[in-house]
Amino acid sequence: NDLSVALDFTEYLVLAVPTKVMRGLLTTIDNLLIEPKYFINVSKGIEPDTSKRVSEIVDEVIKSNHLKGFAVLTGPSHAEEVIKRKLTLLTVASTNEALAKDLQVMFSNDSYMRVYTSTDLIGCEVGGAVKNAIAVVSGIATGLDMGENARAALITRGIVEIVRVVEAYGGSRDTAFGLTGVGDLIVTASSEHSRNFKAGKEIGKGKSMDQIYAEQKQTIEGVRAILALHQLAEKKHLSLPIIEVAYHVIYENMPITDAVTKLLTRTLKSEKIE
């Protein structure tokens, strides 16, 4: 329970806290550090108000002489299954390819964990954050008993919104179609293991966010991501219709039936990923 002892123990620090407390934790860590460390983030979120990714927060808060390198370890992985050593594939991304390869070896094993590398740090970070938001919406549709057709549509069109946000940040659209985008969305948008999906399901059944937080007592990153992505869409003039109606439902109390109507009455067009 002594953070200073933990920091002295290892050269590699794994960041596994909600994004809402990330900046404060990093400030505390930076004040305690004596030697530079590698930072490995496994949290999936975007900071509201600033629209910053975790790597950007780290760059802002951790002094350069305390930062040896940064990477994100992400992909379709429920902690409940990893603990049970169920087969899992992940991606470790860093602008430092050598660091990514070192961590690939460190986290891979021959029985249940295989790790790929990527140098698209932006794409990997953003994909994990946006899929949480889409998972909330998928849960809402499930709570409303809208059917599998609706869920498939939300997931598919959700991929389009992941691509748009990844490219808006400067990442590669190819990354959005890999483990950290489509893969993570598939595992999150229909699973009872997912806090985001379960929270959306309860919203669909008519519960308020206050009720949901009281029952779950855990951070629901997708709800915060919806706010952050709404703010980003306004700043960068992005078309994120699913995210936008989710924002209106959760933060402005729009009736869900009105949200569905708003989506379905948008101008008809061809199906393109752009």
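**Exercise 1. Find out how enclosed helix H9 is.**

Task: How many of the 10 residues of helix H9 (residues 179-188) are buried?

Solution. Start with the count: seven of the 10 residues of H9 are buried, so this helix is largely enclosed by the rest of the structure. Here buried means under 20% relative accessible area, exposed means over 50%, and partly exposed is in between, using a 1.4 Å probe and protein chains only. Helices are DSSP runs of H or I with at least four residues, strands are runs of E with at least two, and both are numbered from the N terminus.

The buried residues of H9 are Thr180, Gly181, Val182, Gly183, Asp184, Leu185 and Thr188. Then look at the cover, which includes strands S3 and S4, helix H6, helix H7 (148-169), helix H8 (173-176) and helix H10 (195-204).

A word on the model before you go on. This is a predicted model, in which local features need pLDDT of at least 70 and side-chain atom pairs count only at pLDDT 80 or more, while totals for chains, interfaces and linings use all residues. Residues are numbered from 1 along each chain as its sequence is written, and side-chain values use heavy atoms, with hydrogens and water left out.

**Exercise 2. Describe the whole chain.**

Task: Which radius of gyration does the protein chain have, and what would a compact globule with 274 residues have?

Solution. Begin with the inventory: the protein chain has 14 helices and five strands. Now apply the globule rule, 2.2 Å times the number of residues to the power 0.38, with the radius of gyration taken over C-alpha atoms. For 274 residues the rule gives a value near 19 Å, and the chain has 19 Å, which agrees. Along the principal axes, the C-alpha atoms fill a box of roughly 55 × 40 × 35 Å. Finally, 50% of the 274 residues count as buried.

**Exercise 3. Zoom in on alanine 71.**

Task: Is alanine 71 buried or exposed?

Solution. First place the residue: alanine 71 is found in strand S3, and isoleucine 40 stands opposite alanine 71. Its relative accessible area is 0%, so alanine 71 is buried. Not counting residues up to four places away in sequence, alanine 71 touches Phe39, Ile40, Asn41, Val92, Ala93, Ser94, Leu99 and Leu103; contact means heavy atoms within 4.5 Å.

**Exercise 4. Work out how H6 meets H12.**

Task: At what angle do helix H6 (residues 121-143) and helix H12 (residues 221-236) pack?

Solution. The angle is about 110°, with the axes 8 Å apart. That makes H6 roughly perpendicular to H12, given that 65 to 115 degrees counts as roughly perpendicular, under 35 as roughly parallel, over 145 as roughly antiparallel and the rest as oblique. Axes are lines fitted to C-alpha atoms, for helices over the stretch in contact, and angles run from 0 to 180 degrees between N-to-C directions.

From H6, the contact uses Ala129, Val130, Asn132, Ala133 and Val136; from H12, it uses Glu221, Gly222, Val223, Ala225, Ile226 and Leu229.

**Exercise 5. Compare two loop residues.**

Task: Where do aspartate 49 and serine 51 lie?

Solution. Aspartate 49 is in the loop between S2 and helix H3 (54-61), and serine 51 lies in the loop between S2 and H3. Now check phi, which is near 75° for aspartate 49 and near 60° for serine 51. Most residues other than glycine have a negative phi.

Technical notes: Pairing = 2+ DSSP bridges.
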